[in-house]
Amino acid sequence: MTESTAPQSDQSDHRTVLLRGGDVHSPADPFATAMVVERGHVAWVGSEGAADAFASGVDEVIDLEGALVTPAFTDAHVHTTSTGLALTGLDLSAARTLPDALALVREHVASHPGDRVVLGHGWDATRWPEQRPPSRAELDAAAGGRPVYLPRVDVHSAVVTTALLDLVPGITRMPGHHPEGPLTGAAHHAVRAAAHGAVPPAQRAVAQRAALSHAASLGIGTLHECAGPEISDEDDFTGLLKLAAERPGPRVFGYWAEPVTDRKGAGRIRELGAIGAAGDLFVDGSLGSHTACLHEPYADLATDGPAGSRTGEAHLDAARIAAHVTACTEAGLQAGFHAIGDAALSAVVSGFRAAAGTLGLARVRAARHRVEHAEMLTPETVGAFAELGLTASVQPGFDAAWGGEDGMYARRLGAERARTLNPYAALLRAGVPLAFGSDSPVTPLDPWGTVRAAAFHRTPEHRISVRAGFTAHTRGGWRSVGRDDAGTLVPGAPADYAVWRTDELVVQAPDDRVARWSTDPRSGTPGLPDLTPGAALPVCLRTVVFGQTVYVRPNE
């Protein structure tokens with residue numbers, strides 16, 4: 001990819017740029033090979049021949065040399081500081097055994113003697129032959145007496161050292177404290193607050209910059225930060241929004257997950273800089289940590305206790321959900337919840353319906369409220385999402401990591417229930433808007449891999465076309481924050497785009513008849529990279545946000 005710049009007396013950040021000689025993915029022209037960007041917006045898309053008319057009047061011409069231009073991705077669910085800490089700190093995702101994980105802890109502790117608390121991430125005992133997390137005694141020995149906080153990959157439970165427990169008064173009396181096993185619930189939230197509170201502001205800022213730069217290198221132009229008092233703290237949240245506002249990109253839209261009961265509470269959410277009281281407002285936990293709230297017991301928990309102790313944890317009931325939705329809707333604020341288990345999703349639907357009964361269905365639908373994760377949906381709850389106008393903010397990487405006949409979902413739920421999870425095709429058929437994300441660092445920032453995971457879902461009946469998945473990861477993210485004018489390359493749209501090196505463009509859909517027709521020139525369907533499992537994913541060469549370049553691949 002080469003650039004030529006015309007001599008100008010004033011080279012502003014928002015120069016007029018012509019990109020030509022590639023493929024431009026645009027609904028305005030399915031055969032576009034060129035695009036003009038002016039003042040941070042798309043000014044024109046069209047053919048190579050028509051591009052000649054613009055060449056002499058622009059500040060810069062970029063020869064794409066056959067590269068693909070697409071809208072920049074939006075990751076609709078991210079924990080930015082935690083992502084950065086995972087990138088810059090102790091990452092246990094590569095550990096293949098329990099001894100591997102303990103060895104990584106020992107190495108990191110020895111090489112970081114100045115850290116007040118050692119923070120790690122990414123362990124998943126379901127992938128280890130031992131099928132168990134480290135005991136407190138094992139972790140104490142590996143840490144040499146240091147405070148250590150190691151959340152499970154889903155971040156809904158954690159193993160910690162005795163030294164960290166000693167920093168949290170009353171921890172042993174909190175719900176979710178287990179003398180030897182991972183901490184969950186209130187106990188987990190307390191140790192997480194203590195651990196993250198020990199991170200100095202400078203280290204936190206370094207982590208945030210690392211996460212934003214990494215996102216830009218992957219063609220991600222926008223992140224939805226999902227924060228809240230049980231996840232991070234206000235200083236972390238406001239600091240991230242300030243840092244992002246001072247950089248050209250990626251953009252960050254912030255959600256603060258705190259219950260709202262009146263206009264004063266809604267005003268406080270806005271004062272923090274959040275666009276909604278949504279994101280990880282927990283109705284339940286996660287399947288991996290046995291804390292997602294189910295109608296029927298987990299399949300892999302002992303059956304000698306009461307059934308209620310084997311169905312996970314419920315944090316909000318339908319009445320509290322309804323109160324939050326009602327207050328947010330009346331204040332013109334977007335509401336949302338974290339809900340994974342089928343019982344949690346039933347409570348969410350009941351709560352939204354109660355709010356609609358108070359306010360009217362039209363007002364609730366117009367607010368575009370959202371639900372994060374939404375994994376254990378039924379035909380009834382899918383229909384309710386459509387009825388209520390709810391956006392499903394989902395993470396296809398979860399299915400790639402834990403789906404399938406032998407995956408974690410099947411172990412937790414049994415194969416029959418596991419096969420119902422993450423029904424993306426059913427959601428689209430019902431007209432439910434989808435917004436794709438990663439929940440990073442739970443699964444990594446990986447936009448093309450995310451689209452691949454949805455198109456090649458481990459349960460074939462839940463697969464969607466690459467085009468539908470791509471839309472959910474671009475325009476879907478913008479629509480979920482109430483913007484219908486972005487996430488696509490058409491004249492007038494914000495110039496948020498990425499340039500990719502990729503192989504031949506194709507059309508992929510679950511139904512081969514659709515794919516065959518879509519490749520016919522008469523269909524006017526623009527192609528996308530081949531995401532067949534095993535095929536190389538596109539490589540990001542450049543990322544641009546509002547007309548400003550935020551990433552250029554080295555040596556390109």
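Me: What makes Leu183 and His338 contacts of His156?

Reply: Contact means heavy atoms within 4.5 Å. His156 touches Leu183, Thr184, His188, Phe282, Asp284, Gly285, Ser286, Ser289, Thr291 and His338, with residues up to four places away in sequence not counted. The model is predicted: local features need pLDDT of at least 70, side-chain atom pairs count only at pLDDT 80 or more, and totals for chains, interfaces and linings use all residues. Residues are numbered from 1 along each chain as its sequence is written, and side-chain values use heavy atoms, with hydrogens and water left out.

Me: Where does His156 sit?

Reply: His156 lies in the loop between β11 (148–151) and β12 (158–160). Strands are DSSP runs of E, at least two residues; helices are runs of H or I, at least four; numbering starts from the N terminus.

Me: Why is His156 called buried?

Reply: Buried means under 20% relative accessible area, exposed over 50%, partly exposed in between (1.4 Å probe, protein chains only). His156 has 14%, so His156 is buried.

Me: Why does Ala468 count as partly exposed?

Reply: Ala468 has 23% relative accessibility, so Ala468 counts as partly exposed. Ala468 is in helix α19 (residues 466–473). Its C-alpha atom is 9.9 Å from that of Gln508, 40 residues apart along the chain.

Me: How do you know that Cys226 is in no disulfide?

Reply: A disulfide is a pair of cysteine sulfur atoms within 2.5 Å. A search of the whole structure finds zero disulfides. For Cys226, the nearest cysteine sulfur is that of Cys328, 14 Å away. For Cys328, the nearest is that of Cys226, at 14 Å, and Cys328 is in no disulfide either.

Me: Why are these cysteines called buried?

Reply: Cys226 has 0% relative accessibility, so Cys226 counts as buried. Cys328 is buried because its relative accessible area is 0%. Across the protein chain, 56% of the 556 residues count as buried.

Me: What makes the radius of gyration agree with a compact globule?

Reply: The radius is taken over C-alpha atoms, and the globule rule is 2.2 Å times the number of residues to the power 0.38. For 556 residues, a compact globule would have a radius near 24 Å; the protein chain has 24 Å, so the two agree. The C-alpha atoms fill a box of roughly 75 × 55 × 50 Å along the principal axes.

Me: Which secondary structure elements does the protein chain hold, and how many?

Reply: The protein chain has 21 helices and 24 strands. Among contacts with a separation of 6 or more, 71% join residues 24 or more positions apart.
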